[in-house]
Amino acid sequence: MKKIFVLSVIVAFVVSCGGNSSSENTTGETPKSMVEQPTTYDPKRGEGKFDESNVKIGALDAAMATKGESISGTKCTSCHKLTDEKLVGPGWKGVTTRRTPHWIMNFITNPDPMINKDPEVQAQLEICLVRMPNQSLVDEDARNIVEFMRKNDGVK
Amino acid sequence: MNRIKNIALCFTAIAITLGINGCKPKNTATASSGDATKAYVAPGKYDEFYNFVSGGFSGQMSVYGLPSGRLFRYIPVFSVDPEKGWGYNEETKPMLNTSHGFVPWDDLHHIELSQTKGEQNGKWAFANANNTPRLARIDLKTFRTAEIIELPNSGGNHSSPFGTENSEYIVAGTRFSVPSDADNGDVPINSYKKNFKGHLSFVSIAPETGEMKIAFQLRTPGVNFDLARAGKGKSHGWFFFSCYNTEQASTLLEVNASQKDKDFIMAVNWKKAEEYIKAGKGTKTAVKYAHNVFNEATQTATSKIENEVLVLDIKDFKDICYFIPCPKSPHGCDVDPTGEYIVGSGKLAALIPVFSYDKLQKAITDKTFDGDYEGIPVIKYEAALYGEVKKPGLGPLHTEFDGKGNAYTSFFVSSEIVKWNIKDLKVLDRAPTFYSVGHLCIPGGNTVKPWGKYLIAYNKITKDRYLPTGPELTQSAQLFDISGDKMQMILDFPTIGEPHYAQAAPADLIRNNGQLKIYKIADNIHPYKTNGEAEAKVVREGNKVHVYMTSIRSHFAPDNIEGIKLGDEVYFHVTNLEQDWDVPHGFAIKGANNAELLIMPGETCTLKWVPDRVGMFPMYCTDFCSALHQEMQGYVRVSPAGSSVPITFSLGKPVPEIK
């Protein structure tokens with residue numbers, strides 16, 4: 001009982017002296033914490049703007065794969081080999097058989113939330129110890145990279 | 001003894017408790033006069049204003065948040081900066097070039113934020129170099145210096161970088177009058193009256209790109225120009241410059257330039273000057289000045305020497321300039337938000353004269369003159385005067401406005417800020433500063449739309465305000481809450497270098513202006529860019545060796561280089577392949593006489609390295625980039641001159657092969 005009384009005095013003190021200043025001094029949103037708790041995360045789809053409805057694949061598009069190879073030369077292959085050998089991150093061989101195309105596109109365009117939420121990606125982080133950077137890929141780049149990964153996996 | 005100590009301790013504890021419970025510390029000399037919690041910005045919350053503060057003799061500009069006083073960045077402008085590689089990497093060295101060659105350290109005094117219709121627009125900040133006269137433009141999307149232009153015919157660019165209400169022009173008035181560059185400067189110093197001239201540069205600003213150009217210069221009688229302000233609203237089209245040393249002394253100015261009871265504010269009809277220039281009346285004058293531009297696409301600066309400037313001698317054009325007498329060596333010369341009142345601040349005066357734009361116009365029309373000064377009409381003091389603020393304090397320096405009809409003037413000698421009403425010229429409040437305030441700033445306080453919530457005093461002396469740090473002490477800024485009738489000091493914070501003038505703008509105006517987060521690697525057209533590790537290479541061209549290197553978390557490509565020989569000049573062109581915000585990489589190599597690199601995502605920077613001995617040279621990343629940052633390293637082998645070791649480079653495999 002005594003403890004509760006002391007606590008309430010402290011609370012009243014804090015509110016009266018500093019309570020109104022924080023809201024009036026804020027012009028922007030609060031930056032989000034790096035670590036987020038998983039909520040409604042779907043590990044099959046990942047998190048981002050892509051799903052089965054907006055990513056369609058068929059026979060290999062050689063022109064797209066060539067574009068994908070070019071962009072990955074600048075933005076990806078410093079860290080990923082085309083074999084199954086790990087460099088900084090895992091090798092790309094077989095990635096299109098392990099992951100859906102839209103999961104890959106979500107991950108490479110929106111890595112930070114997925115690194116924070118996806119159990120398999122978190123397990124991978126424990127091995128690699130480097131968070132995959134956001135390389136500011138536009139949607140078309142991401143789609144072309146998937147096509148190059150498919151080519152790398154032997155899709156015709 | 002112990003008991004006495006305990007009792008004393010108890011009293012102290014009680015005193016502290018009472019102090020905290022009171023919420024407002026009462027002692028102005030030791031703490032704040034107002035509610036210090038108003039300056040508190042909680043962790044993770046943003047400030048309300050950006051404050052761009054001159055770094056004085058550091059030559060740099062610093063950026064603080066208000067009301068917290070937190071330092072966010074300091075922007076290298078006129079001095080080299082080892083933290084950012086400014087003036088050290090090959091790309092930025094040309095920015096510090098002048099007609100005198102490379103100048104590594106200058107003196108930055110004043111800030112001007114760009115405007116549209118008299119209001120801040122959040123695009124650029126301008127700054128002056130006071131020693132080797134120059135003007136700089138800082139891009140507020142990148143917080144980097146984008147352009148620097150040198151000012152010919154000048155000596156000490158102090159009366160700068162003040163601008164017109166659409167930033168049509170930023171002015172640069174010379175502090176020292178000197179013989180014109182084209183004239184023979186090899187004359188006796190005591191021939192000042194005959195040979196020395198003042199020049200006021202009007203530098204035009206391209207509305208979209210911000211590119212600076214010296215549109216014209218006005219040649220004036222030889223005096224010292226101090227500060228200036230453009231007219232606004234009804235007085236748009238006019239500029240007002242404070243002048244001292246109308247005695248035309250060249251020695252012991254402390255005494256000899258303080259002889260006359262009144263010096264001048266020079267009123268300039270710049271629209272009229274513009275007409276004369278358009279009509280071809282300007283005289284092409286041979287000069288030499290550097291114009292340096294940083295190209296964001298090539299990420300490289302170029303320095304071009306220009307050879308000509310257009311000059312109008314004001315004695316040949318009777319309707320451009322007029323002198324208004326102003327008491328005692330005026331410093332500040334400030335125009336209120338309506339554009340009607342011009343406040344002069346004679347730094348040795350004990351009153352503040354306020355001039356009326358309407359009365360000035362009438363005096364010009366009616367020719368209510370009091371003779372002339374070297375052929376320029378001098379307006380009768382009373383004919384332009386609206387009134388005087390009587391006994392405001394000692395040594396008024398500079399005035400800004402709150403947009404509610406009040407003016408705030410800094411007083412260096414009496415070390416205080418004085419609030420007074422513009423209409424009735426009555427003093428309303430005064431607050432001490434610690435110590436010896438120079439300029440002051442109200443966010444937007446020089447524009448038609450001030451945010452009259454805070455005032456910041458920039459002090460020259462701190463003495464006992466902070467923990468001692470040997471003979472050299474920090475300068476300081478003091479933040480006042482001016483939202484009520486009385487000014488209340490709520491924060492005291494140290495500054496970088498000596499803060500002369502500063503300006504502040506709402507945080508949203510700057511942070512929503514299209515802030516650049518990364519350099520897009522696809523848009524990088526640096527001639528030595530490496531577009532991915534497959535293109536990383538080492539190329540020998542005679543004794544020059546170009547290393548096309550990439551960096552990404554957490555390795556360089558290549559990271560083993562052999563075949564460098566003594567006598568080579570090695571250029572490391574490092575491209576940061578990262579495309580995420582806030583992931584710079586550093587680059588350092590042992591024995592580099594030319595510092596290091598710091599490379600932003602998508603950027604290419606070049607370090608020149610001339611090895612001085614045969615041996616093995618480690619290189620590594622200096623900016624903590626990932627958990628494997630400490631692994632981001634490599635080796636360069638240096639062989640004797642004439643060695644037959646070929647150029648080889650690699651990543652991830654031994655070179656030469658293991659036996």
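1. In this predicted model, chain B is split into two domains: domain 1 covers residues 52-511, and domain 2 covers residues 528-650. A distance of 44 Å separates the C-alpha centres of domain 1 and domain 2 of chain B.

2. As to the contact between these two domains of chain B, domain 1 contributes eight residues and domain 2 contributes 11 residues. On the side of domain 1 of chain B that touches domain 2 of chain B, two residues are nonpolar, three are polar and three are charged.

3. Chain B also holds an open sheet of four strands, in the order β30-β31-β32-β33, with antiparallel pairing. Its edge strands are β30 (437-441) and β33 (488-495) of chain B, each of which pairs on one side only. From one strand to the next, the twist averages 25°.

4. Within that sheet, β32 (residues 475-481) of chain B pairs with β33(B) in the antiparallel sense, over seven bridges. Which residue of β33(B) is the bridge partner of B:Ala477? The partner is B:Phe493.

5. Confidence in chain A should be read by region. The mean pLDDT of chain A is 82, and 75% of the residues of chain A reach 70 or more. Over residues 1-31 of chain A, however, pLDDT stays under 50; for this stretch the model has 23 contacts beyond four places in sequence.

Note on methods:
Residues are numbered from 1 along each chain as its sequence is written. Chains are lettered from A and ligands numbered from 1 in the order in which they are written. This is a predicted model: local features need pLDDT of at least 70, side-chain atom pairs count only at pLDDT 80 or more; totals for chains, interfaces and linings use all residues. Two strands pair if DSSP finds at least two bridges between them. Helices (H or I, at least four residues) and strands (E, at least two) are DSSP runs, numbered from the N terminus. Axes are lines fitted to C-alpha atoms, for helices over the stretch in contact, and angles run from 0 to 180 degrees between N-to-C directions. Domain bounds come from an automatic or database domain assignment. Two residues are in contact if their C-beta atoms, placed from the backbone, lie within 7 Å. Ala, Val, Leu, Ile, Met, Phe, Trp, Tyr, Cys and Pro count as nonpolar, Asp, Glu, Lys and Arg as charged, and the others, Gly among them, as polar. pLDDT is the predictor's confidence in each residue, from 0 to 100.
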